[in-house]
Amino acid sequence: MASSETCAIEAPSAVPQRAVAETAMRRRRFGLYVLLTGSFMTVLDAMIVQLALPSIARDLGAGSAALELVIAGYSMGYGVLLVTGGRLGDMFGRKRVYLIGMAAFTLASILCGLAPNATMLVAARVLQGATASLVLPQVLAAIRVGYDGDERRRAFGLMGLVMGAASALGQLAGGVLISGDVFGLGWRLVFLVNLPIGILAVLAGLRFLDESKAPHSAKLDPFGILLFSAGLACLLGGLVGLHHLGLVKAGVLALFSVPFFLWFGRHEVRFEERGAMPLLSIRLLKLPAFVVGALAVMIFYASCSSYYVSFAVFLQFGLGLSPLQSGLLFTPIAGVFAAASILAPRLIGRYGTLVLRVSALIYAIGYAVVWITLRGEGAPDLVILMPTMLVVATVQGFIMTPLLNVVLGALPESHAGMAGGSIATMQQVGNALGIAVIGLVLFAAASNGAVGTLHPNEAVQGFTNAVLVEFLAAVGVYALLRRLR
């Protein structure tokens, strides 16, 4: 009798407990969706603008330097402040910094969409990249500390899928938005579309995200950020400004990066000796695996960023396709890339770094085939060109997903955390450098930098030269990966 009474008393309480557990699970699920929205937006904005470059050139009268900086400026702002963004989340709370970052990213997107001239657009893109650096590190850290076991693995798997989808949808979404020309906004829609998404993400984040901080104290390195930014700005400025400044002035500007980088190196050594985590650890340069891996990451990401930009210019200026038609052609390329990215970890698990080496070799061969095809008689034939481009995108997927993990896995565990931020920074620096270098050959034929009036034969020749540079970069990646075990 007593037992049945106890059950009668306890049974009702089990219902609220179950309800509380279900509510908590639902909250965590929606919190994950909010975090994934941030990772989706930051990747999408790196991709969606590429098909807008010809429209921006015509509308704003933008020269080659401005177009290069529209892409490179985002990666530069993102890469330089990436480690700092993670440090701010550790210090002040990941939820707080994520929400501030999303709000600032949305504001920067509005500034991009309303930019009256090319100079303002470039400045807004740098700001957009800087605010993106506040978002993605919080996504990674919040998943790492907020989820355990299978739940964490599923969360990271979803994150990879979402970022792959953002890459795949970026060009198509850009083509649709530009061709739709809603309210006569044209290319501006590729930035303004972030407004409703950003507002919803911030409102949902206030409700569903939990706050977390690092258990240990962290220190910022503002002087290191300033030195590294100045050095990178001089280097990129020299490369991007070669057509306009002339060889001597551009070379002098690029050489000014050397003292900044040397000063940065000495500062980082002292900063690290005080027990703080530097922006880029100089100690890692003593590890051959890190040097080889970091170079491989930087050159590979440089070749990828330049590949998509040069192909977008070729399709619209060289072949006369509309943004929508170009986006439709980009969709299968991005689709096979996303599929290969999902399959790559399984192949790496079975065959190890052999997958990377074979993929890098095919990568180089693919660029060589594209270059030979473009050098043929008559106008380039997409029926011949597209299958090779699909192969190039596939092996890019096989390399990109596991490369960072393989590089970090080649280092001692004691250096893994320090190397993670450094490798991520080199990834974004590679993106920026790739755009700057490829612009030298892609827009070389444009008279007085007037990219908006680039003739079809000039665009085809520029793309042919760009593919040759990308082939050389792919050969470099293959050589470096052969040394990485």
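This is a predicted model: local features need pLDDT of at least 70, side-chain atom pairs count only at pLDDT 80 or more; totals for chains, interfaces and linings use all residues.

Visitor: Good to know. How much space lies in the second largest pocket?

Guide: About 410 Å³.

Visitor: And which residues are closest to its centre?

Guide: That would be F228, L280, L285, M298 and M426, out of 18 residues lining the second largest pocket.

Visitor: Which helices each supply at least two residues of that lining?

Guide: Four to look at: α9 (222-240), α12 (257-273), α13 (288-318) and α17 (413-442). The largest share of the lining comes from α13, with five residues.

Visitor: What's the lining like by class: nonpolar, polar, charged?

Guide: The lining of the second largest pocket has 16 nonpolar residues and two polar ones, with no charged residues.

Visitor: OK, switching topic. At what angle do α2 and α3 cross?

Guide: Roughly 135°, with the axes of α2 (residues 53-60) and α3 (residues 64-92) coming within 10 Å. Angles over 145 degrees would count as roughly antiparallel and 65 to 115 as roughly perpendicular, so α2 is oblique to α3.

Visitor: Is the crossing left-handed or right-handed?

Guide: Right-handed, as α2 passes α3.

Visitor: Which residues meet there?

Guide: From α2 you have L53, I56 and A57, and they meet L67, V70 and I71 of α3. By class, that contact has six nonpolar residues, with no polar and no charged ones.

Technical notes:
Residues are numbered from 1 along each chain as its sequence is written. Side-chain values use heavy atoms; hydrogens and water are left out. Axes are lines fitted to C-alpha atoms, for helices over the stretch in contact, and angles run from 0 to 180 degrees between N-to-C directions. Angles under 35 degrees count as roughly parallel, over 145 as roughly antiparallel, 65 to 115 as roughly perpendicular and the rest as oblique. A crossing is left-handed if the near helix is turned anticlockwise from the far one by less than a right angle, and right-handed if clockwise. Contact means heavy atoms within 4.5 Å. Ala, Val, Leu, Ile, Met, Phe, Trp, Tyr, Cys and Pro count as nonpolar, Asp, Glu, Lys and Arg as charged, and the others, Gly among them, as polar. On a 1 Å grid over the protein atoms alone, a cavity is a set of points where a 1.4 Å probe fits but cannot get out, and a pocket is an open set with protein on both sides within 12 Å along at least five of seven lines; lining residues have an atom within 4 Å of a point. Grid points are joined across faces, edges and corners, and a volume is the space filled by probe spheres set on the points.
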